[in-house]
Amino acid sequence: MLKLFLIGIKDLKLIFRDRAALTFMLLAPFLLTIGMGFVTGRFSGNSNGLSDIPVVIVNLDREQLGNALADVFASEELADLMEPTVSSDPAAARRLIDEDKAAAAIIIPAGFTSSIIPPEGTTFSQSNVQAEPVKIEVYANPTRPTSAGVVKAIVDEFVSRVEEGRTIGMTSIVQLMQAGLLSPQNAESEARKLFENVQQTESTAIILKTNNEGAQAVQFDILAYMAPGMALLFLMYTVSHGGRSILAERSQGTLPRLLVSPTSTAQVLGGKVLGIFLTGVAQVGILILASSVFFGVKWGDTLGLVILILAAVFGATGWGMLVTALARTPAQIGSTGSALMLIFGILGGSFINLDQMPAYVRTLSKITPNAWGLDGFTTLALGGTLPNLMQPITALLIMGAVLFGIAILLFNRNGIMQK
Amino acid sequence: MKKIFAIAWKDALVRFGSSAELLFFIILPIVFTFILAGGTPSGDEDPRIPLTVVDEAKTSISQQVIDQLENSTAVRPELTTRQAAQSQFDDRRVEIVLIIPSGMDSISLQGGSAQMELFQQPNNINATVAERAVLTAIRQVSSSISAAQNAVKQRESIQPFASEAEKQAYFESSLETAQSIQKNAPERVAVVTGNTQDEVDYDPRANSSAGQLITWVFIPLFGISALFAYERQQGTLRRLLITPSNKATFLLGTISGQVAMALVQMLLLVGFGILVMKLNWGREPLALFVILLTSALAAAAFGTTMGTFIKSEGQANGLSIMFGMVFALMGGCWYPMELFPAIIQNIVKILPTTWAMQGMLDLVLRGGGLQDILPEAEVLLGFAVIFFSVGVWRFRYE
């Protein structure tokens, strides 16, 4: 066991003395993570999805419903979502949208309230309430479709509430009048009473029960995807580079020397694999630590994080051993390893989130340690703990074990570890 | 001239000595171009917030709610099973889940027992938006029943019903009135699309084709540094000292060979872009040749300079790939440049990849011609002159 460990530590030391390898293992993924941070807006504070949507409110109505709608956008409930500014000039508001200064402008025309709630002194009838509608204008910024869609949805919700209140009020009055329980003379005052809080109507036919308790709020940090994405990409380089050292030792004659010493083949191979594994763990560990120290990424459950790193490196090491077992020369491992690193990088989601990839790519991604590893890191960043990581960890362990098994068979068949 | 050709041919033989080189020369660039063209957002995707919906009722009422959600401008309903929704919600992979339980039908609506559940991740802004969209959908489906129920209550508060049958008749009459009112309800919101100019010029196929071309051609050209380091390590550069070949012949042979191979690689990738991805690369052949050649020269010059600083082949290989990938990312070859903050957009103008990408997008995306790509070509030529000068000046055989 000690020999195995010594061989592993020796390989770890060798690689950490190689500045070229360190550049590729640590500096390259770190620089690419910084680049990804810029692309995704993480460093400019624009990566947190919907928040502080700039919206311009032009309330020309200045009556009950217009004021109520303006209040909705200024409400405490929407404080994090909306950043409303008030304007009195519709043209100026539209200009702000055209200049991409806001996501949408809401122009509430004069007479909006009176088009729904009959003004005092108006005789109640179904026809005068349904007069030509005065429409709220949502002037939407086409380059911000999500934000503009959200603004429209909030206006729709307000209008649907008003419309439901109007339907409820009018139905009651029309029915009472038809039943002879309400005279046309009294209808106007009754209607006014029913319309008084029309914008606060609550639906009664279907009750919506909301449930948002039991967990802490978590804001997903995009770098929690990008940083491990790059670390896993370059991990594939590390494991193939490590495999290359097995063949290099053979061609340089140091492997036969080891094998004539009182050290078994299993110990030598185990030591080499341990060296690759330890190097990978150190590489991913350093990069994940750097993401916390330099970029403030919060990884939550430390135990889950450590086990996930170990499992991801185990899975990747399995691929490294398979490539080594299939290759004949160190140069072959170099080129095959680099190709595998890039193919797994794109299939496994290191370059682009797998959710944006076609379905066949998502299916293919299951053969890569990158995809399973990223799945686990994303779960952790979303507040998950070890029990939530069971699926990716199990998949990575199975992947590693199967690939090791195949690699050992190939090693034996090809006689790589023979004196 | 013969010597230059001989050196270039020797480098080509060394490079393609292994068939694995074909992977990096053409196969992987094509795979990456193809996948990224289909995998990056084109801007035509549904921008609405996904809302996971579990429809256990499968009634006309539940379908009406889902149809109304489809019309929402804020959320996009995605149907799944309760088990899948629960699992994704527990893993925080979905932010909002709407459960329409079994038994949601017109009878339960009339009886006032209809209830839906909305699970939201806490303090989640998207969930706030989704809740409003769901309430809007519910109102569209149920407000006439709510109105009829309310009318019955109003009537009861004034004059109680004589019998259950009278109450039911009043309810049905009210429902008819409410449905008529709802049907005739006018549209009260008008959406006008603004005239905002989209500053992001993006077409996933064009960007992917140009961006991957640059990435996969620049990395081997930066790898000229590895060629120098390899020959220096092997001692073959020293051997040249005793041959009647000067430094210029060696450099010209090595560099022109690599540039020629890069041009072949570029033309193959352009051909793939034209034939498979139906991109308009070939509209201005002269402009295309100018931008490809100046890009290759700039990258080769950078590789030459690198080769004079780097000692070992291993270092050169690692740094070539690292610089190639970082320059490609920062030069807008993987993601549109407009996504970077303004200050970074200015800083990355020091990279040749930025200018190469702009020039190629001028051609293939913006429909430009020779005049349009000349500024980029001039800058790339400037890079080539500066880096070749430094490289030649610093070049040593040992």
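Reply: A:Phe277 is found in helix α10 of chain A, which covers residues 265-295. Helices here are DSSP runs of H or I with at least four residues, strands are runs of E with at least two, and both are numbered from the N terminus. The model is a predicted one, in which local features need pLDDT of at least 70 and side-chain atom pairs count only at pLDDT 80 or more, while totals for chains, interfaces and linings use all residues. Residues are numbered from 1 along each chain as its sequence is written, and chains are lettered from A and ligands numbered from 1 in the order in which they are written.

A:Phe277 has 24 C-beta neighbours inside 10 Å and therefore counts as buried. The term "buried" requires 20 or more other C-beta atoms within 10 Å of the residue's own, "exposed" means 12 or fewer, and "partly exposed" lies in between, with C-beta atoms placed from the backbone. Apart from neighbours within four places in sequence, A:Phe277 touches A:Val313, A:Phe314 and A:Thr317; a contact means that the C-beta atoms of two residues, placed from the backbone, lie within 7 Å. A:Thr317 is 40 residues from A:Phe277 in sequence, yet their C-alpha atoms are 6.2 Å apart in space.

The wider setting is given by the domains, whose bounds come from an automatic or database domain assignment. Chain A is divided into domain 1 (2-44 + 225-414) and domain 2 (53-200). The centres of these domains of chain A, taken over C-alpha atoms, are 58 Å apart. In chain B, domain 1 comprises 2-41 + 202-394 and domain 2 comprises 49-183, with 59 Å between their centres, again taken over C-alpha atoms.

Next come the sheets. One open sheet has 5 strands in the order β2(A)-β1(A)-β3(A)-β4(A)-β5(B), with mixed pairing. Strands β2 (82-87) of chain A and β5 of chain B stand at its edges with a single partner strand each, so one side of each has no neighbour in the sheet. From one strand to the next the twist averages 20 degrees; axes are lines fitted to C-alpha atoms, for helices over the stretch in contact, and angles between N-to-C directions run from 0 to 180 degrees.

Strands pair when DSSP finds at least two bridges between them. β1(A) and β2(A) are parallel and share 6 bridges, with A:Val56 partnered by A:Thr85 in β2(A). Strand β1 (residues 53-59) of chain A also pairs with β3(A), in the parallel sense, over 5 bridges, and there the partner of A:Val56 is A:Ala105. Strand β3 (residues 104-108) of chain A has 5 of its 5 residues buried, so it is largely enclosed by the rest of the structure. On one side of β3(A) these are A:Ala104, A:Ile106 and A:Ile108, and on the other A:Ala105 and A:Ile107. β3(A) pairs with strand β4 (residues 136-140) of chain A in the antiparallel sense over 4 bridges, and A:Ala104 faces A:Ala140 in β4(A). Finally, β4(A) and β5(B) run parallel and are joined by 5 bridges, with A:Val138 opposite B:Val191.

Helix α3 (residues 64-73) of chain A lies across β1, β2 and β3 of chain A, at about 165 degrees to β1(A). Helix α6 (residues 145-178) of chain A packs on the sheet as well, touching β1, β3 and β4 of chain A together with β5 of chain B, and makes about 170 degrees with β4(A).

Another open sheet of 5 strands, also of mixed pairing, has the order β5(A)-β4(B)-β3(B)-β1(B)-β2(B). Its edges are β5 (206-211) of chain A and β2 (75-79) of chain B, each with a single partner strand, so one side of each is left without a neighbour in the sheet. The average twist from one strand to the next is 25 degrees. β5(A) runs parallel to strand β4 (residues 114-120) of chain B, joined by 6 bridges, and A:Lys209 is paired with B:Glu117.

The contact between the chains takes 92 residues from chain A and 96 from chain B. On the side of chain B that touches chain A, α6(B) gives the largest share, 27 residues. By class, that side has 48 nonpolar, 37 polar and 11 charged residues; Ala, Val, Leu, Ile, Met, Phe, Trp, Tyr, Cys and Pro count as nonpolar, Asp, Glu, Lys and Arg as charged, and the others, Gly among them, as polar.
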